[in-house]
Amino acid sequence: TGIKMGVQKETHIEPENNIILRIFKKFFPVTTQYDEGHFFTKKGAKRYATPMFIVLLVVESSDLVFAVDSIPAIIAVTRNPFIVFTSNIFAILGLRALYFALASFVDRFYYLKHALSVILVYVGVKMLVSHFYKIPTGLSLLIIILLLTLAVICSMLKETKEKRKGV
């Protein structure tokens with residue numbers, strides 16, 4: 001995943017290709033009209049899901065994917081079941097809010113994608129070698145923090161340089 005993220009060009013996201021949404025549409029009829037914020041509406045004798053429910057379904061399924069996706073990352077840091085469980089709970093509760101808080105800044109962090117891909121590769125390698133050599137948790141956290149800090153600083157320097165050029 002880290003290598004793919006590092007070499008992949010920009011992608012266009014198409015929510016209608018979401019697998020959860022496609023499965024849902026196979027079993028339940030969906031209307032394209034909103035009904036005053038309701039999740040379901042009735043047309044004749046048939047009940048339809050509204051776009052409001054579809055949005056909820058996509059957002060909540062992405063929360064679940066983020067939570068499951070974070071399991072290997074936390075296991076790479078610690079094997080303590082309590083910490084793994086609680087970090088997953090916090091991931092479920094906080095990732096969406098954090099996403100919306102940072103969404104307006106993400107374009108300013110030019111090198112964040114590269115840092116995240118290096119972090120994913122590091123975590124993958126750490127998990128692969130964990131049976132032969134245990135990398136200390138503190139060192140792993142330090143490496144991750146340094147990579148993220150370096151990405152943010154380099155992004156800020158690039159932005160400052162572009163502002164000076166008038167780009």
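1. Nonpolar surface patch. In this predicted model, Ile19, Ile20, Ile23, Phe27 and Phe28 make a nonpolar surface patch of about 520 Å². Isoleucine 19 belongs to helix α2, which covers residues 19-27.

2. Aromatic pairs. The count of aromatic pairs comes to four. One of them joins phenylalanine 39 and phenylalanine 53. Their ring centres are 6.1 Å apart, with 75° between the planes, and the pair is edge-to-face. Phenylalanine 39 sits in the loop between α2 and β1 (40-43), whereas phenylalanine 53 sits in helix α3 (residues 51-77). The pair thus links distant parts of the chain, 14 residues apart.

3. Phenylalanine 53 has a relative accessible area of 16% and is buried, because the cut-off for buried is under 20%. Phenylalanine 39, at 37%, is partly exposed.

4. Phenylalanine 40 lies in strand β1 and phenylalanine 53 in helix α3, so the contact ties together parts 13 residues apart in sequence. Phenylalanine 40 is partly exposed, with a relative accessible area of 37%.

5. The cluster. Ring pairs link Phe24, Phe28, Phe39, Phe40 and Phe53 into a cluster.

6. Lysines over rings. Lysine 43 lies over the face of tyrosine 48, at 5.7 Å from the ring centre. Lysine 158 is placed over the face of tyrosine 110, and here the distance to the ring centre is 4.8 Å.

Methods. Residues numbered from 1 in each chain as written. Predicted model: local features only at pLDDT ≥ 70, side-chain atom pairs only at ≥ 80, totals over all residues. Heavy atoms only, no water. Patch = residues over 30% accessible without salt bridge, like charges linked within 9 Å, V, L, I, M, F, W, Y side chains within 5 Å. Areas by Shrake-Rupley, 256 points an atom, 1.4 Å probe, with all protein chains shown as cover. Salt bridge = Lys/Arg side-chain N within 4 Å of Asp/Glu carboxyl O. Helix = DSSP H or I, 4+ residues; strand = E, 2+ residues; numbered from the N terminus. Phe/Tyr/Trp six-rings, centres within 6.5 Å; stacked < 30°, edge-to-face > 60°. Buried < 20%, exposed > 50% of the residue type's maximum accessible area, 1.4 Å probe, protein only. Lys NZ or Arg CZ within 6 Å of the ring centre and 35° of its normal.
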